[in-house]
Amino acid sequence: MFLYCGIACRRKFFWCYRPLSTYVTKTRYLFELKEDDDACKKAQQTGAFYLFHGLAPLLQTSAHQYLAPRHSLLELERLLGKFGQDAQRIEDSVLIGCSEQQEAWFAVDLGLDSSFSISASSHKPEMETELKGSFIELRKALFQLNARDASMLSTAQALLRWHDAHQFCSRSGQPTKKNVAGSKRVCPSNNIIYYPQIQVNLRELETAAWFSHDEVATALKRKGSYTQQQNGTFPFWLPPKLAISHQLIKEWVEKQTCSSLPA
């Protein structure tokens, strides 16, 4: 029995360590791509692209859910060429993640840039026909996407929106330039670096606070309605289980629990 338990425990530790190791490897790879423009350009050659138009992702219908198709660099270049657009448009893409096999994932919006949007808008129906999908507003499709696609598209949309809103330096007024990965923008005239906003937006949130791992883990296990506690306060609310934010919180708790297990 002791031997059996020992083997079972070692297997448990192994399977906990494996996803943690994969997570670390992916994180290091993404950091490299964000810091090294040449490495990121190389990753684009074998990577995959999510397409957007006016911050709406390209989606395809499958049964009762939406799927987010990915396209290779060659497919994207062919699409741009077919509709009379320069392949240089790909430089506007942003890095949003990667697979466990280190296939880099990018997102590019075909309808945000002012020099491109008029032409792109006129070709939008033809693009949807060519791509066998539709550009659908993300908030309308969110709960009909699987967790991975919903998370990836939300990240992509937020990053694309940030770049669209920070094309000029707030100090010099000069155009800023993004790095290949899209993890930052730089003003060439004064070398000021701008990063996507990681802080609380008080216009969008009523309140914000820090919570420990144990508090969040307890909240995930809580069932039933939220009732007032003895000290007069209420436990903090978690998003519903169908929400992507709930799944992200759950994943974080599980990873933290796994990494805290003894080796």
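Biologist: Which residues is Gln44 in contact with, leaving aside its neighbours within four places in sequence?
Modeller: Gln44 is in contact with Phe49, Leu73, Ile90, Ser93, Phe106 and Val180, apart from neighbours within four places in sequence; contact means heavy atoms within 4.5 Å. The model is predicted, so local features need pLDDT of at least 70 and side-chain atom pairs count only at pLDDT 80 or more, while totals for chains, interfaces and linings use all residues. Residues are numbered from 1 along each chain as its sequence is written, and side-chain values use heavy atoms, with hydrogens and water left out.

Biologist: Where is Gln44 found, and why does Gln44 count as buried?
Modeller: Gln44 is found in helix H2; helices (H or I, at least four residues) and strands (E, at least two) are DSSP runs, numbered from the N terminus. Gln44 is buried because its relative accessible area is 9%, where buried means under 20%, exposed over 50% and partly exposed in between, with a 1.4 Å probe and protein chains only.

Biologist: And Asp149, buried or exposed?
Modeller: Asp149, in helix H6, counts as buried at 3% relative accessibility. Its side chain makes a polar contact of 3.4 Å with that of Arg148; such a contact is a pair of N or O atoms within 3.5 Å, one able to donate a hydrogen and the other to accept it within protein, and residues adjacent in sequence count only if both atoms are side-chain atoms. Not counting residues up to four places away in sequence, Asp149 touches Tyr50, Leu67 and Ala68.

Biologist: Changing topic, which residues lie nearest the centre of the second largest pocket?
Modeller: Those are Glu91, Asp92, Ser93, Lys178 and Arg185, out of 25 lining residues. On a 1 Å grid over the protein atoms alone, a pocket is an open set of points where a 1.4 Å probe fits, with protein on both sides within 12 Å along at least five of seven lines, and lining residues have an atom within 4 Å of a point.

Biologist: Lastly, what about Glu32?
Modeller: Glu32 lies in helix H1 (residues 2-35) and counts as partly exposed at 41% relative accessibility. The C-alpha atoms of Glu32 and Ala181 are separated by 10.0 Å, although these residues are 149 residues apart along the chain.
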